Structures are given as structure tokens and as C-alpha cells.
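Subject: Structure handover

Hello,

Please find the structure below. My notes on the chain contacts, the salt bridges and some helix packing follow it.

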Amino acid sequence: MRRLSRALGPAGGAGALAVVVILALALVGPFVAPHGAAERVGAAFVAPTSEAWLGTDQLGRDVLSRLLHGGRSMLLLSCAALGLAYLVGGAIGLVAALAPGPVETALMRPLDVLLALPPFLVLAVLATGSGRGAVVIVAAVGLANIPGIARVVRTAALEVSVRGWVEAATARGERIAAIACREILPNITKPLLADAGVRITTAISLVGTANFLGLGLQPPLADWGLMIAENRSGLLLQPWAVLAPALCIAVLAVGVNVTADALTQPGRRYGGTPAAIEGGRQ
Amino acid sequence: MTGAIAEVVGVRVEAPGGALLDHVDLTVLPGEVLGVVGESGSGKTTLALALLGETPPGTRATAGRVTVAGTPMLHVTPAERRQHLGRIVAYVPQDPVLALNPAMRVGRQVAEVARAHHDRRDETIDTRAMRALRRAELPGDPSFLRRWPHQISGGQQQRVTLAQAVVNEPRLLVLDEPTTGLDVITQADLLAQLRRLRDEAGCGILYVTHDIAAVAGIADRLAVLYAGRVVEEGPTSTLLSQPRHPYTAALIDAVPDPRRARGSAGLPGVVPPVGARPSGCSFAPRCGLVERLCLDAPPPPAHVGTQHRVACLNSERTGSVVVSAPTVRRVSTPSPRTSPSPANTLLVVEDLHAVHRTRRRQVVAAAGISFSLDRDECVALLGASGSGKSTIARCIVGLHRPTAGTVRLGGTILGRSVRHRRRDQRRRIQLVPQNPADTLDPSRTVGEQVARPARILRRRSARQAVAEAVELLDQVRLPTAVAARRPGELSGGERQRVALARALAARPEVLVCDEITSALDVSVQAVVLDLLADLRTELGLAMVFISHDLGVVASVADRVAVLADGRVCETGPTREVLESPRTPVARQLVHAAPRLPYRDVADATSVS
Amino acid sequence: MPRDPLLTAGPGRHHPFLMLCIRRSLAGIAATCAVSLLVFVGTDLLPGDAADVILTRSASSGGGTPEQLAALRAELGLDVPWPQRYLGWIGGLLQGDLGSSLVSGRSVTDVIGSRLGNTLVLAGTATVLLVPVAVGLGLWSGIRQGRPGDRVVSGVAVAAQALPEFVAATLLIAVFALIAGLLPAVSLVPPGTSPLARPEILVLPVLSLLSVMAGQSIRMVRARTSEVVRADFVRVARLHGIPERRVVWRYVVPNALGPALQLLAGSISWLVGGIVVVEQVFAYPGISHELVQAIISRDVPVVQALAFAMAVCTLAIYTLADLLVVALVPKLRTGG
């Protein structure tokens, strides 16, 4: 615990705390919400009262309750998309690194084109081709991340694959799969983690954007992105209906990014072993 | 000492865990080369920086002073220090590829240093730059000046850094391992040029290196640094012929020499890291002459002759007693073989062609290489750095697909790639890779890694393989507790021994060693070479030993094949080839190799 | 090596840079073809084609009989195999025919023509401001790495980078329009006028785009700069007594700038998504309204045309940045 807090530093600690709070809000929220997500409790756009702490939305639903219900979808969709992207992208990257030549070209060239496409375009094309919904969001966010992940994994794996211990494993005739899992994967976790922080942030951002634009989840579902979109017309009357979900997304995204940034800082240089100053012992 | 160009008095540089340098006193006279010799962790880089008034990040100079040409370098403002840097004291960095600005033309790089210390309208800047380039023996024509650093050779890059250093005619040059990474011939050129430079310019030179043989040919005086202290200092000839500190003696003894085919004695253990240094003499844990008094306080330096100082309580005994540390010296004279006998032949490489591709260019590593290896024999492949020797090693074990040619083991032709070789064939040839930093998987314990080959190649049970691994660690003289550690906790020499144990776990017949000692300090290298010799006699291994170092080759190989341009240009018994090379390529290589000039004298007294 | 004809000046000298330009441009064209295929396949081949969409739309009751569907397919040319349709689409694009909307029947050129200019104004303003801000602040904070100025800039950048555009825009509206009342919360542009006529309506949209994009580009430029600052040649330059200002301008900046520009191109490709969102939030009359509506109503030709146009812009920016990097880095320029 102490090691973790030292690794994070004050800013990272605050970020991590913020992430934990929002995660708790999103996961536990639906069980403690005073009202159902689609339940009308009064008139539309009523300012906060002692009954409805954050007021009501454009259909007269309790904003606090919808806020508590609306975090899960964003987290689940982001996780599903990234999980998919890491499975597919990671596999492609590893194979490309271990099978150079035509296999590598066949795998990586199309991905390079995909990498040049803005993530939003991937979403736009898929949503047009197969309609709106949660599946499209997961597919689009996943697809947008696959080329980047494949590249990071391939670069890291390539660097490791020429190391002595991998050569030794190859020379004793270990199977490719064993080399990938035993010799390479455990040694590329650092660059993968450094890259993952930004990926989580952008995935959250893209999922939120899709829902906000109405390309993903549909009303009357409670979702932070959707809430902002549907209540924008009442921004002047009842700003909390928009600001509360906006702040939640902001705190989550910023928290993740700050934490990841703190974790991947190279640390205080020369704070550690004095041996490093003299170039270590070799 | 009067008239000194540089004086270091009682300098102590402290890092959070302890002192990197302590009680360092040194002087450099005008027109003199002072060689500072030290292994990893000795503090030599810190000392070089201290002469420039700099300390490594996170450290401080807490005592002493450094003056160059009467100017204090430590404890001055950055602005004052900048005035002196490059003008009265100049620096020649270790790696010229990294030290030159990739976005600046070569001529400009030199002129920029001149401009730092002259008015920018000064018309002499360009003539100064030209003169410096000439002095560094670089062409001064405009087309050369307009080149970018990546467009000139490694030797030329090193000369450009030299020109940068001399452009303002400094009083003192500080060279930090300037020959690391250069092949022997380029290195010999650079050393010759440094000698001329000193004679012409009359500046003092402080030459910091780990390579005692390279600096011996150029230094007027030598200082030996150990664990942050100067343990011995004196005129080069005296220090090399009559070392008075046991460490110096062991260090000199550990340097393999092309002309002496014998096992070199090593120095077990490592330099104690900062923060774990004993309160007494830092060398005591590795010293063969250690006494109770040595453990109380660091011995003060004492004069033992003109200009000869030693920090050892037992300095009288060092000269007379056999200087070796606790290991038993082995005089393993390789049995002379005149020609390979066909009946005994184990491995045959025939007309091997291989190309090594890097991102931009192709290196022809082998253009028709043939050699054979007998049982119990060690054949060395000797060639310049960067000539693609590793590719040949990888072809033999099946990691690199040759474009043509065959590798035969015991009469059978082996598949070109590992995937086409049977398990038993893979078992019989084992590779020990080059770089101790990455030869072992950092995320697994040593025991696991040494056990693995027995499981895969000899189908041993997990239990049996682990038990064997522990035995093997013992066989390579490592404590069995090492099995539970991860490679990050081991020193370079220890890791290389683990790599050997891992190769031995397959019970191979042929060991292919690819530059396995090139990244190690000489004292550690000697220990590893010693171990190799033992293993050969114990296990009857045949060995292909790849190296660029003549001294190392001389001490391990029965026969040697000299490589040039991807071919074997000369082959024969080691001693014969190294003593009287017949081809020009081999002759050039042998003559460029640095060697200790006073060794013959030392040999006469210490070898029976 | 020294006598390599590629390196020495002289009449017989080749032009590695020119060759590179040609090669990169060809690669860009190849990528454009690949992208056009991806866009076409993605929008057209997945289950449900345009005929389904039109029929579901026109006949809200039932969705039409199989005969009607077949007839409509024939009319729209959907009954021919897709490679043929793809070639037809490409042929149309080359002649400037972007197709016509399934919903309104108007030609795509018509639908977006008047609004494209507004979008370009917004995108152009953001880009013009982004480059100096990102390069300037990135270099500045990379050079003074670890000092207070850098900590502030990096801290703000880390936070700003994480915000989705619609959240940043919403928060900016809350602060500047609702609380301070300084700027309009929506950016309405009367038809026929240019948004440049009322610059105040551009402030918040541009700020929203910048806050997010600048965050990530500053961080990338800074990372590259601090890498250069730690390089050996910078340390050695200081040891030669070269003044700090000179070290920065002659050693750090030239080596950090090239790669930094390449990274910046990546940020600008984010702009494509960001601009759609920001236009929606501020009700700015750009192409995004049409695009989002087209996606929702699955108006394939409109999405295809717009997606392809956006992709081409992005690829063009990448290629341009690539060439700039080659021009700025001697080692690449001289083909070494």
C-alpha cells in the first residue's frame, strides 16, 4: 500500500481516489438510487429541492437517480471495447512480431490504414452500416484501438524477441506459442501499461461521445452521455441535469489520465540506487 | 606539485547512499598523459566529470577542490564554469554517435564550440575550426565540412569530437573511455593520434578507461581507482612492472595477452557497490594478503618510490609474493594440434554464406566460411567488431538461415533452421549469447531458467531438472542460493555464468560462445575464462569461441580462424597465428591489438 | 563509405528527398484507395441495404413487399455485385459526383455545399491556433522539465487531454455563458453569412476543440523534447561551454521539432471527431448536423461521401507531416 502511494505521488493519489469514487458511484449507484431510472417524480426541469437533490430532467425524472444509474453503461462499454481490442490487437501484434515477412505485412498493412483513420470515422461508418446500439459502440471503439495496440505490442515484442533469452528458447526448440506466452508477454507489460492509460481515457471519451450524439444507447436508458444530450435544452433552467453527468465524466476521465501519467513517470531519477550513477555493476 | 595543469585535492563526491569518490588526490602536468584505470563501479566517470566541475545528477561534491590552470572548477557559479568549459578544460565523450548533434553539419559542430568562447563576429572562428579539424587529421575540404554526422565513419566521428575538444586550445583534455566501441585498428589509430596531439599542443591529458592495455601505451603515469579511491599511482613503467597494490597486481595479471597462451588468473567477487563498502580497505574482501589491520580503516596512501604512491598496508609483500587472489592459477597449455584429424571431427561448417540484414543495410557476415571442430577442441573465430561474427554463431545453432552452405554435426547435415532439427541435434549444440544484460529472462528465477533445457531437450521431470540446475550452478561456481534469485540481482559476471549453466543443462557436445566476455571487466573476464577452461577439461566439451579480442582468444583457443570480409583468411594453431601471422589482414589485427608493454618483465618474476 | 556518390556534392547527385516525396505521396494515394474500400464496405456491405432503409422509411406500415424491395434494388442499382458498385461509386467520386441522399433525394453536394465552408472555418481556426500553442508550450515545458512552469503546463495538459469534447464544451458554456455571461452559449450563423462576421461565436467552439487537442499535443511535444534534452549530445554541448540559449536553439529545438510535427498530425486527425461533437453542442451550422442525421437514418451515400472526404483530409495531413519531418531531419532527408 505504501509502495503504491509512493509510486503515485500526490497528484496520482488524488487521481486514483477520484477514479475509485466514480467507480463506486457507478457500480453501487443503481442499488442506492432513490428512484428508478425511468420513473417520473415531478415536473420537468425543476431546480434542486430537498426531495430531488439535483432537481429533475426534461421528462421530470430524478437527476440524482439517473446519475446513479447512468455510470455503469459507460464503464461496461469501455471495458468491453478495450478488452476486445487487447485480445485481438495483442494477438495480431504478437504474431506479427514472431512471424516476420509476408504474414507480418499481411497483418500490419491494413492496420496501418485503419490507424490513420480518425476513431470517429470508424464509429460513423459502422453505425451507418449496421445501425445504432451498444454492440456498434463496442465494435467501433474496439476497432479504433486495435491497430494502435497491435503496433505497441509488436514493437515491444520485437524488441524483446531479439534478446538472448528468447533466442535461447528458440534454439532449444520451444513452440512459438510457448515463446510468446512464457518468454515475451511477461517482459512487455511495462510499455503496455504505459500505453493503456491513454487508451482507457480515449475509450471513455469515445463511448461518451457516441452516446451523446445518439449513435449508441437510446433513451429512455440512463447514461451520462445521453443525459447531457437530452437535457441541453434546459441548460439555463436546470443546469444540474447537464452539469452533474458532465462533472462525473470529467472527474473519471481526468482521474484515469492523471493516475496513469503518475504511474508511468520514470520516477525520481537517481533517487534509487547510487550504483545507477556509476552505470551499475557489470 | 608546482607547475601542475590540473590538481585534484581531497575530493569527495557523495550520492544519497554513500561516497562515489573519496579522498582523491591527483595532478596532471603540462604535456603529460595521466591514465586513470578502473573497473565498473570504481568512480572513474565521476572523476572525469569532477575535473569539469560537474557531479552526476543527485550527487554533491562535499569536500576537496579541483583546479585547472589555477582556476577552481568546483563550487563556482554555472556562468563562471561555462566560461572555463571548452576553453581551459575540454571533454572528449565516450560514444561519438550519441555525442554529436544529428541536426548540425560536421564543420558547424566544431565552429560552434569555438564560437562559444569568442565574439561571434570574430573572423578567426572559422580558421580555428579548420585548424582543429586538421589537428584531428580530418579532411578540411568544404564537402567534408558540409556532411552530417551520420554520413561519416565511426573513426571520423570520434575525430570530430576530438576536434571540438581542441578547437579552443585548452590546457587540459579529459577523455572518457574514448575507444569504447571502436575496433582495434581504429583504436590504435586514435591512440597514435592522441600521442601526436599531446606532443604538438602541449596540453595535459586525463585519460579515463577500464582498458589498462590500451592506456599503457600512451600514459606517462597511471592511477588505479578502486571503489572511489586511488589505490595506487605512479609512472606507467614502474606501476606495470612492480605493482605494489594487490589490486593493481591482480588487474595487470588478469589482462589476457596475445603472446601468452595460458589461463589468466581472475579476481573473484565484484567491486563493493556504493553504500555497501567496508569501513576498512575496500579491497579487503577480495584480497589475498588481507590482515586484521586492513579492516579497521582505509589505508592512507604512502610513497614507495619517486612519484609512486600506494594505499596498502602490505605493499612490501605485494611485489615478492605471488600476487594472485585465492583462486589457483591454472597454466593450461593447450595441446598443440597441427591439423584437424578427420576421425575425430565433430562439427564441420562448409562454405557458409549468410547475410545479416539491419533496417537499412545488409552486412555480408559469411561469404564462404569453412572450418571444422574436433572433439575436445576449441576453435576461435577472430574478427573485427561489427563484421557479423554473431550471425555465424546463430547459423551454427540454427537461429539464422544461411543463404548457402552446410553445418554438419558428427557426419549428419543439420537443418538450416532450428525447426528442421531434431531434438537431439538441438541438444548437442548450445549457444551462450553475448550480452550479459539480456542473456537471461529478467522475469524468471535463475533456477527455473537453468532447469528448462533439461525439461525440453532431455525430457527430465520438473523435479529432476531443478535438482540438476542446482548442481550446475555449483559447477559454474555460484552459490546454490542464486537459484531463487532473479537476474536483476546478479552482476554481469554472475549472469554470464548462469548462461553457461543453462547451456550445460542440455549436456551439449559443442558450446558456441559468442563474445561472452566482451562486456565484462577484465578481472571478471579472467574468472569466466578460467571457468571455461575447467569445464572443458571436466566435461570434454568442444567449443566454438567467437571474439574480437586477441588476448582472450590466445588464452582459450587451440586453433584460430581469422575472419575478414566474411571469409577465413588464415587458420592454424593459435600460437602460430598470433606470433607469426602470414596474411596482411591477420598481421594488421595482431599488431593493432593493445598489449601491456612491461609484461615480459613481470612474467620473468612471477611465472615459474 | 566516404566516397559514396549519394553523399558528395556534385553534378551527378541524386535527389533522395525528391524520391522520398514521390514515394510518400504514392503511399498516400494507395492508402486513400484502401480507405475508400473500407468506407464503402463498412457502410454498404453490412446487413440491411439502402432499399430496406427507404422502404422502412416510406411505408411506415409494414416495410414493403419483397417485390417492391426487388424493384427498388434494381432501380438503385443494388442488384449488381458489390465490386461493380464500388467501381461505379469511385468513378462518380472522380467526376465530382458524390451521389444523392436516400432520404431527401437531393445530391450530396447540395446538402453539404453551403455548410462545408463553415466547418472549414472552424477547423482552420482551431488548427492555426493549435500548432503554435502545442509546439511552443510543448518545447517550453520540455526544456524546463520538472520545474514549476513545466508542472503547471503538464498538469493542465494531462487534465485537458482526458476530457471528451462534449464535456469540455458543456463545462465551458457553463462557465463563460451561464456564470460569466460573456459569450453566447450557441453559435448560430444566419444562412448566407460567414461565421467570421461574428467572431465572438467562434470563441467557445474553438476553445473547446483546443482544450482537448492542445492537451494531448503539448504532452507529445513535451515528451519528445525532454527526450532530446536528456540526450548525450546536449550534455556534451554544455560540457563544451556552449551557452544555454544556444544549446536550446541549435541542439534541442531542431532535433525535437521534426518528430513533434509528426505527432501533431495525429492530434489533427482527432479534430475530425471533435469538430462534429462541438458543432452539435453549439448548434453551429457545419456539416456535422447532416452527418449525424445521415448516420442515424442510415443515409448511406451521404455518410460515404462525408466519411471519405474526412478520411482523405486526414491522410493528406499525415502525408504532409511525414514529408515535413523528412525535410527537417537531415538523416532522413539525405537518405542515410
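Chain B and chain C bury about 2700 Å² between them, and carbon and sulfur atoms give 58% of that area. Buried area here is the accessible area (1.4 Å probe) that two parts lose on being put together, summed over both. The contact takes 30 residues from chain B and 27 residues from chain C, where contact means heavy atoms within 4.5 Å. On the chain B side, B:Tyr91, B:His150 and B:Gln151 lose the most area to chain C, together 20% of what that side buries.

Before the rest, the conventions. This is a predicted model, in which local features need pLDDT of at least 70 and side-chain atom pairs count only at pLDDT 80 or more, while totals for chains, interfaces and linings use all residues. Residues are numbered from 1 along each chain as its sequence is written, chains are lettered from A and ligands numbered from 1 in the order in which they are written, and side-chain values use heavy atoms, with hydrogens and water left out.

Between chain A and chain C the buried area is about 3800 Å², with 79% of it on carbon and sulfur atoms. Here 46 residues of chain A are in contact with 46 residues of chain C. A:Phe120, A:Val125 and A:Thr128 supply 15% of the area that chain A buries against chain C, more than any other three residues.

Salt bridges next. The rule asks for a side-chain nitrogen of Lys or Arg within 4 Å of a carboxyl oxygen of Asp or Glu. By it, the count over all chains comes to 50 salt bridges. One salt bridge is counted between chain B and chain C; the side chains of B:Glu112 and C:Arg246 meet in a salt bridge at 2.4 Å, N to O. One is also counted between chain A and chain C; C:Arg219 and A:Asp261 meet through their side chains at 2.6 Å, N to O. Within chain A, A:Asp112 forms a salt bridge with A:Arg151, with the closest N and O atoms 3.2 Å apart. This pair links distant parts of the chain, 39 residues apart: A:Asp112 is in helix α4 (residues 102–116) and A:Arg151 in helix α6 (residues 134–161), both of chain A.

Chain A has 11 helices and zero strands. Helices (H or I, at least four residues) and strands (E, at least two) are DSSP runs, numbered from the N terminus. The C-alpha atoms of chain A fill a box of roughly 75 × 50 × 30 Å, taken along the principal axes.

One helix pair spans chains A and C. The axes of α11(A) (residues 240–264) and α7(C) (residues 165–179) come within 10 Å and cross at roughly 130°; axes are lines fitted to C-alpha atoms, for helices over the stretch in contact, and angles run from 0 to 180 degrees between N-to-C directions.

Within chain C, the axes of α11(C) (residues 288–296) and α12(C) (residues 300–328) come within 9 Å and cross at roughly 130°. C:Leu291, C:Ala294 and C:Ile295 in α11(C) meet C:Val302, C:Val303, C:Leu306 and C:Met310 in α12(C).

Regards
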